[in-house]
Amino acid sequence: MKVAAVLLAAGQGTRMKSNLPKVLHSLAGKPMLWHTLQALNQAATEKPVVIVGHEASQVIEFVGDAADCVLQEPQLGTGHAAMQAGPVLEGKSDYVIVTYADMPLLRGQAFQQLVETQKKNGGPISMLTVVAEDPRGFGRIVRNDDGTVAAIVEEYVATPEQKSIKELNVGAYCFSADWLWDALGRIQKNPHKGEYYLTDTIELAAREGLAVQALIHDDLLETIGINTRVHLAEAEAVLRRRINQELMLAGVTMIDPDSTYVEAGVAIGMDTLVMPNTYIQGSTTIGEGCEIGPNAHIRNSRIGNRCKVFMSVMESAQLEDDVDVGPFARLRKGAHLMDHVHMGNFGEVKDSTLGPGVKMGHFSYIGNATIGANTNIGAGTITCNFDGKKKHATEIGEDVFIGSDSMLVAPLKIGDRSRTGAGAVVTKNVPEDTLVVGMPARAIRKLEKHDPD
Ligand code: UD1
Ligand code: MG
């Protein structure tokens, strides 16, 4: 049995008051549309079709090859939008799921249940409804005396009696394909707004004596629709809880999930502790047994096992195993800290690799540098990597001791086991086993192995 899916995303979303199309507003770090596409893929057997219209090029660019996009121009309502998928999908599936891109909390399971219900339905439509005290502007489900579904009535045309109906249209349907493509051609323009409503297919089927199955959904939170930024924040809170719960059930400890902000798609290993006021975003992965936060901000980064990131910022950076960072460290793009690196307070690392066991305790800037194993970077060390026009590289060997407040003027190489005196301004390459001091720094003697000075 082939199941196609159509996602309606052509509307303007006027109530968002935004230059960005509604469906591209971010929820848990991903555009609203992404969440529904994920859910649809769990129930459909075919590649989804997204109906685009308002700011179509932006939406098409985001969708990429995750779905086929079809343009609806002009936008004449949800029925008209679904109809645009006809030429692409007619004859290609047995069932068609249709849903709206402003319902991002619906899970794959809800769509699966909908398809299963429709497979058993002798009639052409199964749809998701919800029973709620707050109608939130949703269409009302009108039932006949015998309990069968008669129609969906939109709030603005509903009679006071219909307005009091508590069963609402969620906006997720599974149709028998052949019936849908034919019926969409038969719905009439709505006299009030001049639009074609997808919801009118329900009345059409009911009038023809065909069964419409209403599957009453029990999770109210899944049916939050986004029309304003207030709804967006409500949905964000629900998603946050959902993501955190999944992580906790998979072995992550969170002291205060309500103040732990993990985006969709982040992976965190078992026995890692995430402390409050921490943001973990983008394509970040974190290993097992780590301590993250409080007050950490981590984006598109990879963290190994048993690392500590305390009150620090990381963006597009990597930590291998047993690394500890912070408080107040900043790791920028291309920072790569190997096993057992210690990076203390007020340090900044960019486009640099710190070899295994490097210690950089206090107030340093390391940019465009490679640092060999077990080297010590003294307090206040700066790689002067920018000459006003270009960036230059610094190469520091293994077991080097960089004295406090050293200025390393790049391009520069410092050989293994060398040392710089406190306050040295190093402008020339330093060979191995050499002590340099002063401004500009001069070699004053050759060092013996394990020389204490
Ligand atoms: C719709 C339903 C309502 C339901 C509610 C649930 C209709 C007529 N009404 O109302 O019964 O309770 O959703 O959320 O279907 N769109 C297009 N092209 C258009 C118009 C809309 O693609 O020409 C898309 C929008 O981008 C949006 C979706 O369809 O993603 C729903 O449109 P919206 O205007 O939000 O409908 P609601 O008023 O919420
Ligand atoms: Mg809506």
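## Cis peptide bonds

Pro74 sits in the loop that runs between strand E5 (68–71) and helix H3 (78–83), where helices (H or I, at least four residues) and strands (E, at least two) are DSSP runs numbered from the N terminus. The peptide bond joining Glu73 and Pro74 is cis, with omega about -5°. A cis bond also leads from Gly326 to Pro327, its omega being near 5°, and Pro327 belongs to the loop between strand E24 (324–325) and strand E25 (330–331).

## Basis of the values

This is a predicted model, in which local features need pLDDT of at least 70 and side-chain atom pairs count only at pLDDT 80 or more, while totals for chains, interfaces and linings use all residues. Residues are numbered from 1 along each chain as its sequence is written, and side-chain values use heavy atoms, with hydrogens and water left out.

## Positive phi angles

Arg136, which is not a glycine, has a positive phi of about 50°, and this residue lies in the loop between strand E7 (125–131) and strand E8 (140–143). Arg136 is partly exposed at a relative accessible area of 26%, on a scale where buried means under 20%, exposed over 50% and partly exposed in between (1.4 Å probe, protein chains only).

Phe363 likewise has a positive phi, near 45°, in the loop between strand E30 (359–362) and strand E31 (365–367); with 46% relative accessibility, Phe363 is partly exposed.

Strand E12 runs parallel to strand E15 (residues 273–274) and is joined to E15 by 2 bridges, with Met254 opposite Val274 in E15.

Key. Chains lettered and ligands numbered in written order. Pairing = 2+ DSSP bridges.
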